[in-house]
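Please look over the sequence and the structure below, then read the notes by topic.

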Amino acid sequence: MRTATLLAFGVIIGAAAGYWFARAPMLDASSAVEQATAAAAGDRKTIYYRDPSGAPFWSAEPKKDASGRDYLPVFEDEEISFEPGGKKQVPTAGGPRKILYYRNPMGLPDTSPVPKKDWMGMDYIPVYQGEEQDDGKTVKVSLDKVQRSGVRTEAVEARVILRPVRAVGTVMHDESRLTVVAMRSDAYIEELFVSKTGQHIHAGDPLFRVYSPDIVSAQIDLRNGGAEQRLRNLGVPESHIREVRAGKNPMSLVWPAPATGDVIEKRVINGQKVKAGDELYRIADHTHLWIIADVAESDLPALKIGTRGTVSVRAYPAQPVEGEVTFIYPELRAETRTARVRIEVPNPDGRLKIDMYADVMLQVGANEQPAIAVPASAVIDSGTRQVVLIVKGEGRFEPRAVKLGRRGDGYVEVLEGVTGGEEVVTAATFLIDAESNLKAALQAFTQPEPPK
């Protein structure tokens, strides 16, 4: 029994001795690492410790990872990247540098003009003059992410902003090109030469033959030395007055057409007695027409006299006609909340017909001065606030509030917020906006609570 006990005790002592001799080199190596670290640190102040493998783990106190390796110290004069495998950027020599401000040691968007500690007790890191700055107004996105996301930019410049205003209209007569044929005295129609509505006539063509007692009486007075003015007052053509002066005294005369156009109304027949002032014919010149368009109330401020536009009718959709606004009617239609706008268009070939429906597109802004504008895709609109992203270079972007004006042709006028020559993001704004929102959330998270 005593022999067995002695043998067991000897085994235990041997195992303990073997463990101590095996452990001694590890302790010496660990001590050597600590001594080397302390020697390298010198008087430099350690602000926290990071995982030796480069994984995104940190500690305010010295510790070891799961494999027993010591966390590496990060000194106050070092700049560290928090991406996995990040590398240190040790400041170059060159004498003392000016400290601009202090940033959060964990990379959060929080700065301080004076030294301070975060909620974990870690010191804020100084940012020196000449180093990349984050003034709290910019968003930092890695360059590879910018390239992968298809971020595109465009320079801000002054441009003419064209905005199409669409409306529906109707083809109408040009009221300034309508002519009425009427007698200035009682008369009898002896013969009609133009007897059909819609007939096209030219100025001077015979319309009808007429007998008027008043005209015959005036002719007799002229032959007896009377004045020609009486015949002119009765509307007698100059060609007939010349015949009377030449000694003739016709009992009837042929009434000529006063204008070229189409007969749109005929109110006379053979043998009819007409009274002074009766309308016999109405002639319309259709070489120019009006388009009366109904324009929405909200589009009225953009329209001006002289605004150019195109008119397309349903019969000839591929052959639009150019025209311009010549009048904006003063009243508004209460039922549709639209105003009538008159557009004059040429119609030399007679394609346009009265009462045709027309699609109108007015080019608003063509005569305006160029204005500072950005692409419409560059504007991030929350409904109450409009923001554009200004390119600052090296993956940095500044969200900036803007005041907008006119829109059109894929661009929007900027009244306040940007200047010509600056560069704005026009594509993939959602990516940078998401980064900005995250940054704002972190900023709010890191701010101290107000005193109660």
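**A loop residue, ring pairs and confidence**

V160 is placed in the loop between β11 (157-159) and β12 (163-173); strands (E, at least two residues) are DSSP runs numbered from the N terminus. The model is predicted, so local features need pLDDT of at least 70 and side-chain atom pairs count only at pLDDT 80 or more, while totals for chains, interfaces and linings use all residues. Residues are numbered from 1 along each chain as its sequence is written, and side-chain values use heavy atoms, with hydrogens and water left out.

**Around V160**

- V160 counts as partly exposed at 35% relative accessibility; buried means under 20% relative accessible area, exposed over 50% and partly exposed in between (1.4 Å probe, protein chains only).
- Apart from neighbours within four places in sequence, V160 is in contact with G365, A366, E368 and P370, where contact means heavy atoms within 4.5 Å.
- From C-alpha to C-alpha, V160 and D409 are 9.3 Å apart in space, and 249 residues apart in sequence.

**Aromatic pairs**

- There are three aromatic pairs in the structure; rings of Phe, Tyr and Trp (its six-membered ring) pair if their centres lie within 6.5 Å, and planes under 30 degrees apart count as stacked, over 60 as edge-to-face and the rest as tilted.
- F208 and W255 form a stacked pair, because their ring centres are 6.2 Å apart and their planes are at 5°.
- This pair ties together parts that are 47 residues apart in sequence, because F208 lies in strand β16 (residues 206-211) and W255 in strand β17 (residues 253-256).
- F208 is buried at 0% relative accessibility, and W255 is buried at 8%.
- The pair of F327 and Y329 is edge-to-face, because the ring centres are 5.0 Å apart and the planes are at 85°.
- F327 is partly exposed at 32% relative accessible area, whereas Y329 counts as buried at 15%.
- F208, W255 and Y281 are linked into a cluster by ring pairs.

**Charges over rings**

- The charged end of R342 sits over the ring of W290, 4.2 Å from the ring centre; this requires NZ of Lys or CZ of Arg within 6 Å of the ring centre and within 35 degrees of the ring normal.
- R351 has its charged end over the ring of Y316, 5.5 Å from the centre.

**Confidence**

- The mean pLDDT of the protein is 79, and 74% of its residues reach 70 or more; pLDDT is the predictor's confidence in each residue, from 0 to 100.
- Residues 1-41 have pLDDT below 50, and this stretch has five contacts in the model beyond near neighbours in sequence.
- Where pLDDT is low, the predicted coordinates should not be read in detail.

Terms used: Helices (H or I, at least four residues) and strands (E, at least two) are DSSP runs, numbered from the N terminus.
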